[in-house]
Amino acid sequence: MEKEPVVPNEQEETETEALELVLFQVPECYVYLIPPRKSAASYRADEWDVNKWVWEGILKVISKGEECIIRLEDKNTSELYARAFLRNGEPHPVEPVIDSSRYFVLRVEENIDGRLRHAFIGLGFRERTEAYDFQAALHDHMKYLDKKKTAEEMEHKFQQTSSVDYSLKEGETIVLQLKNKTAEIVKSKVSENNSSPEKKASKKEPLICIKPPPPPLAPLSPSATVDKSSSNLPSNLNLEGTSKHEASESTEHESKETSSSGNQSTQDIPDDDFGDFQTAV
């Protein structure tokens, strides 16, 4: 039996819905009834009775495609209490008050009998960090929309510009000339091995030229060598010997002279009778 072809359902043909991504969630937030704005001035939290809230529950910031949904749900049943939408090109649904960083004014929307209605309610958090994370999640979504818009514009401009066709036509070829160094080395070695011995002998390595040593000196005559050797003897030895001998002779001569002079002096001195007592008497 032949199988019947599978016909796709209408639901499969429709576009798939965008995925929901939770950007921020806090288990406790508070809703207030705020008085209508009397002037163009910003809202102030001190005009509310912040200690008397009308609702308490969970707040979620969900990104779905190009929309960002702020949902207020019940803690126990997860029933939807109110929601606000952040869309590109529309007014921002969240407005901070000027006298506190934990309180905001939220513009909620509701479809009643096919008619879209909106209202303004007060929104408060217990901690400042929660309020900061709430604003950061909304800012990240707007940043994502801006990047997506710039990417679409760049793609549109690229499609409009004329593109050059670099594809090869029929019969066209590309010739690549690549130089392989390893192949050239192998070829050179093979050619050297296959060359004849005569060529190898002719391709000898060049000799290194070194200057020869200087020639030896000519031999001298024997007399010249004797005179040279005698002249080369140290003269200090002869001089020292003669000086010592002369010094000894001079010392002996001086000693003799001193002794003779002493004798002569003793002999030449006349006898003096001044010190002779006998002659004096």
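Which residues does Val 61 touch, not counting residues up to four places away in sequence?

**Entry 1: Val 61**

The model I am reading is predicted. I found Val 61 in strand S2. Its contacts are Leu 21, Val 22, Leu 23, Phe 24, Cys 68, Ile 69, Phe 134, Ala 137 and Leu 138, with residues up to four places away in sequence not counted. I then looked up its accessibility: Val 61 has a relative accessible area of 0%, so it is buried, the cut-off being under 20%. I also noted the pair Val 61 and Gln 25, whose C-alpha atoms lie 6.3 Å apart although 36 residues separate them in sequence.

**Entry 2: the helix over the sheet**

Phe 134, Ala 137 and Leu 138 from the contact list of Val 61 sent me to helix H2, residues 128-160. I see that H2 lies across S1, S2, S3, S4, S5, S6 and S7. Its direction is at about 140° to strand S1 (20-32). I listed the buried residues of H2: Ala 131, Phe 134, Ala 137, Leu 138, His 141 and Leu 145. Residues three or four places apart on an α-helix point the same way, because there are 3.6 residues a turn.

With 33 residues at 1.5 Å a residue, H2 should span 48 Å, and its end C-alpha atoms are 49 Å apart, so the two values agree.

**Entry 3: the sheet**

What is the order of the strands in the sheet? I read it as S4-S3-S2-S1-S7-S6-S5, an open sheet of 7 strands with antiparallel pairing. The edges are S4 and strand S5 (94-96); each has a single partner strand, so one side of each is left without a neighbour in the sheet. From one strand to the next, the twist averages 30°.

I went through some of the pairs. Strand S2 (residues 55-64) and S3 run antiparallel and are joined by 7 bridges. Lys 64 is opposite Glu 67 of S3. The hairpin of S2 and S3 has 2 residues between the strands, and Gly 65 takes a positive phi near 70° there. S3 and S4 are also antiparallel, with 6 bridges between them. Here I noted Arg 71, whose bridge partner in S4 is Arg 83.

**Entry 4: Glu 73 in S3**

Is S3 largely enclosed or largely open? I find that 5 of its 7 residues are buried, so the rest of the structure largely encloses S3. Glu 73 is found in this strand. Is Glu 73 buried or exposed? Its relative accessibility is 6%, so Glu 73 counts as buried, under the 20% cut-off.

I then looked for polar partners of the Glu 73 side chain. One is the side chain of Arg 71, at 2.8 Å. Another is the side chain of Lys 60, at 3.5 Å. Leaving aside neighbours within four places in sequence, I list the contacts of Glu 73 as Trp 55, Gly 57, Ile 58, Lys 60, Ser 78, Glu 79 and Tyr 81.

**Entry 5: Ser 78**

Ser 78 is on the contact list of Glu 73, and I looked it up next. Where is Ser 78 placed? It sits in the loop between strand S3 (67-73) and strand S4 (80-86). The hairpin of S3 and S4 has 6 residues between the strands. Ser 78 is not a glycine, yet it has a positive phi of about 60°. Its relative accessibility is 45%, so Ser 78 counts as partly exposed.

**Entry 6: the whole chain**

The chain has 7 helices and 7 strands. Along the sequence I read the pattern α-β-β-β-β-β-β-β-α-α-α-α-α-α. Of its 281 residues, 16% count as buried. The accessible surface comes to about 24300 Å², and carbon and sulfur atoms account for 54% of that. Among contacts between residues at least 6 apart in sequence, 55% join residues at least 24 apart.

Key. Residues numbered from 1 in each chain as written. Predicted model: local features only at pLDDT ≥ 70, side-chain atom pairs only at ≥ 80, totals over all residues. Heavy atoms only, no water. Helix = DSSP H or I, 4+ residues; strand = E, 2+ residues; numbered from the N terminus. Buried < 20%, exposed > 50% of the residue type's maximum accessible area, 1.4 Å probe, protein only. Pairing = 2+ DSSP bridges. Axes fitted to C-alpha atoms, helices over the stretch in contact; angles between N-to-C directions. Contact = heavy atoms within 4.5 Å. Expected span 1.5 Å × (residues − 1). Areas by Shrake-Rupley, 256 points an atom, 1.4 Å probe, with all protein chains shown as cover. Polar contact = N/O pair within 3.5 Å; in protein donor to acceptor, adjacent residues only side chain to side chain.
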